[in-house]
Amino acid sequence: MSGDKDIAILGVGMHPWGKWGRDFTEYGMVAARAALADANIQWKDVQYVAGADTIRNGYPGFIAGATFAQKLGWSGVRISSSYAACASGAQALDSARAQILAGFCDVALVIGADTTPKGFFAPVGGGDRKADPDWQRFHVLGATNPVYFALFARRRMDMYGATAEDFAQVKVKNSTHGFTNPNARFKKINVIEDVLNSPVVSDPLRLLDICATSDGAAAMIVCSMEFAKKHRALAENTTTDALCRVSAVGTVTPIYPQSVLELPDIASDSTAVVPAPARKYKDSIAWSAYEQAGIGPEDLSLAEVYDLSTALELDWYEHIGLCAEGEAERLLRSGATTIGGKIPVNPSGGLACFGEAIPAQAISQVCELVWQLRGQAGDRQVEGAKVGITANQGLFGHGSSVIVSR
Amino acid sequence: MSDSPAAASTLTRVPIIDGWFTDDVHAPHLIGSKCPLCGTFVFPPRSGDCPSPFCDSTTLEPTPISRRGKIWSYTENRYTPPPPYVPTEPFEPYALAAVELEAEGLVVLGKVATGVLAADLKVGMEMQLELDVSHRDAEHEYVVYVWAPAAPSTTTTLEGGAA
């Protein structure tokens with residue numbers, strides 16, 4: 001499985017997720033240096049830096065590509081900065097991919113890092129911004145992010161018979177996957193009772209059903225296939241791991257009418273005049289990637305999906321085509337999505353073990369695929385992994401799905 | 001959102017946000033926008049371009065939105081949301097519901113009437129728009145639209161022929 005639109009991933013690196021309370025650029029530097037070392041590439045050889053935007057943290061506005069170019073030492077490198085909420089890291093990868101495939105550069109650094117406040121995410125900046133939908137949903141309704149996660153969870157319960165135990169089982173599975181992951185923040189194996197005994201935040205979701213907000217950073221070195229082959233030939237004696245390639249980066253936006261009420265909207269689009277598209281938005285994210293790569297869900301070895309809540313992981317099983325709508329609980333209960341099962345989901349431990357570091361998260365999903373495909377994932381290794389997919393969704397009509405193969 | 005009639009009488013009643021609903025105590029309704037060209041609906045209301053990629057209209061017109069619909073999903077907040085939410089003291093858990101409005105093809109998120117919690121709700125349940133007090137300050141009583149369980153279907157003829 002290889003295409004003429006593939007690029008290679010030469011190296012990946014992360015700074016462990018946590019609540020470290022330091023400048024996010026420090027985390028980014030650790031991740032960047034780890035990715036450079038993993039790729040056996042010098043900073044001076046990087047021709048392009050694609051940054052995923054970091055917001056808040058005392059900086060005015062959005063900060064990304066140039067911040068890390070300066071931190072690594074100004075080299076005249078060209079940069080880009082991408083904002084796509086939780087999908088920012090994949091948009092940055094897509095930007096680097098386009099530069100490489102167009103022949104404008106051979107080697108690029110893709111990077112994202114964040115440091116986060118405690119508690120609920122709230123609108124950035126103060127004042128009454130009555131025309132801002134993000135301000136409106138908090139002020140008029142108190143509609144926090146977990147409110148939206150809970151709407152999807154409750155719908156699974158009433159429509160498909162999901163139970164609180166099913167949701168808890170997702171947390172148990174992911175905590176079991178991730179507890180030895182050196183980059184994970186939460187390293188404790190949870191049992192069902194831990195989840196069921198944690199307080200309800202937005203009914204039916206409990207504290208341990210909902211992902212935390214974290215500090216962290218992830219980076220990767222990507223390059224053209226030609227460069228990768230030459231570079232690896234020079235280092236033949238030391239390079240034995242499989243070469244991973246990016247086979248697809250799906251970054252589609254919704255098709256009107258967006259008939260599902262999604263974060264942070266107060267209402268869906270209207271289906272009164274134009275019917276809803278056959279493929280709803282979160283389905284279309286992964287399917288756009290499958291179409292690029294020329295594969296389907298049956299070809300996957302593993303998936304890293306966005307478990308902002310335990311129940312949303314179940315939604316993703318359906319969105320990425322692992323099972324039909326309404327069948328996710330059955331798939332979970334069968335053990336298929338646990339390491340050792342037919343299609344392990346979130347072998348990294350997912351957001352359940354990491355918490356969310358927004359600009360870094362979509363990149364960290366790709367890092368996990370690379371480690372899995374190279375056979376370097378240690379205790380959480382998915383045996384014989386060949387093809388993996390990531391999926392995530394961000395606010396304001398952003399989403400991404402990346403397919404990595406070897 | 002509990003009511004104290006003595007205090008309420010001295011306060012000026014104002015909507016929590018301008019232009020989203022009518023302050024009609026008996027039969028309030030949401031105000032949306034409608035495209036004069038293709039007929040699609042938008043909520044919250046706004047001016048400007050039609051959201052449909054198949055329509056070239058650059059204007060939208062205010063329109064009343066159906067008061068009744070069915071629950072698409074629901075939840076209940078057990079913790080005080082952060083600002084700019086203005087909580088009542090002490091904080092009381094409250095439910096939110098996303099309600100499907102058939103005529104407009106919209107799903108609209110709203111608070112649920114005071115005292116009606118998640119345990120009282122179900123996907124598919126029929127709801128009706130009402131008004132409630134969100135919070136108060138020294139001079140104002142802020143009114144918000146809420147979804148409330150609809151009266152039994154025998155009374156839907158009161159909906160101006162909607163039944």
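Just after helix α4 of chain A, A:Gly142 takes a positive phi of about 65°. Helices (H or I, at least four residues) and strands (E, at least two) are DSSP runs, numbered from the N terminus. The model is predicted: local features need pLDDT of at least 70, side-chain atom pairs count only at pLDDT 80 or more, and totals for chains, interfaces and linings use all residues. Residues are numbered from 1 along each chain as its sequence is written, while chains are lettered from A and ligands numbered from 1 in the order in which they are written.

Helix α4(A) is mostly covered, with seven of its nine residues buried. A residue is buried if 20 or more other C-beta atoms lie within 10 Å of its own, exposed if 12 or fewer, and partly exposed in between; C-beta atoms are placed from the backbone. The buried residues are A:Trp135, A:Gln136, A:Arg137, A:Phe138, A:His139, A:Val140 and A:Leu141. They pack against β6 (94-101), β7 (106-112) and β9 (140-149) of chain B.

The contact between the chains takes 37 residues from chain A and 41 residues from chain B. Two residues are in contact if their C-beta atoms, placed from the backbone, lie within 7 Å. On the chain A side, α4 (133-141), α5 and β5 (200-203) each give two or more residues. Helix α5(A) gives the most, with seven residues.

Helix α5 (residues 145-160) also packs within chain A, against helix α10 (residues 310-319). The angle is about 65° and the axes are 8 Å apart. Axes are lines fitted to C-alpha atoms, for helices over the stretch in contact, and angles run from 0 to 180 degrees between N-to-C directions. From α5(A), A:Phe149, A:Phe152, A:Ala153 and A:Arg156 make the contact. From α10(A), the partners are A:Ala311, A:Leu312, A:Leu314 and A:Asp315.

Chain A has 13 helices and eleven strands. Buried residues make up 60% of its 406 residues. Its C-alpha trace spans about 60 × 50 × 45 Å along the principal axes. Among contacts between residues at least 6 apart in sequence, 76% join residues at least 24 apart.

The largest nonpolar core has 170 residues. Such a core is a set of buried Ala, Val, Leu, Ile, Met, Phe, Trp, Tyr and Cys residues joined through C-beta atoms within 7 Å. A:Val110 and A:Val222 have the most contacts inside it.
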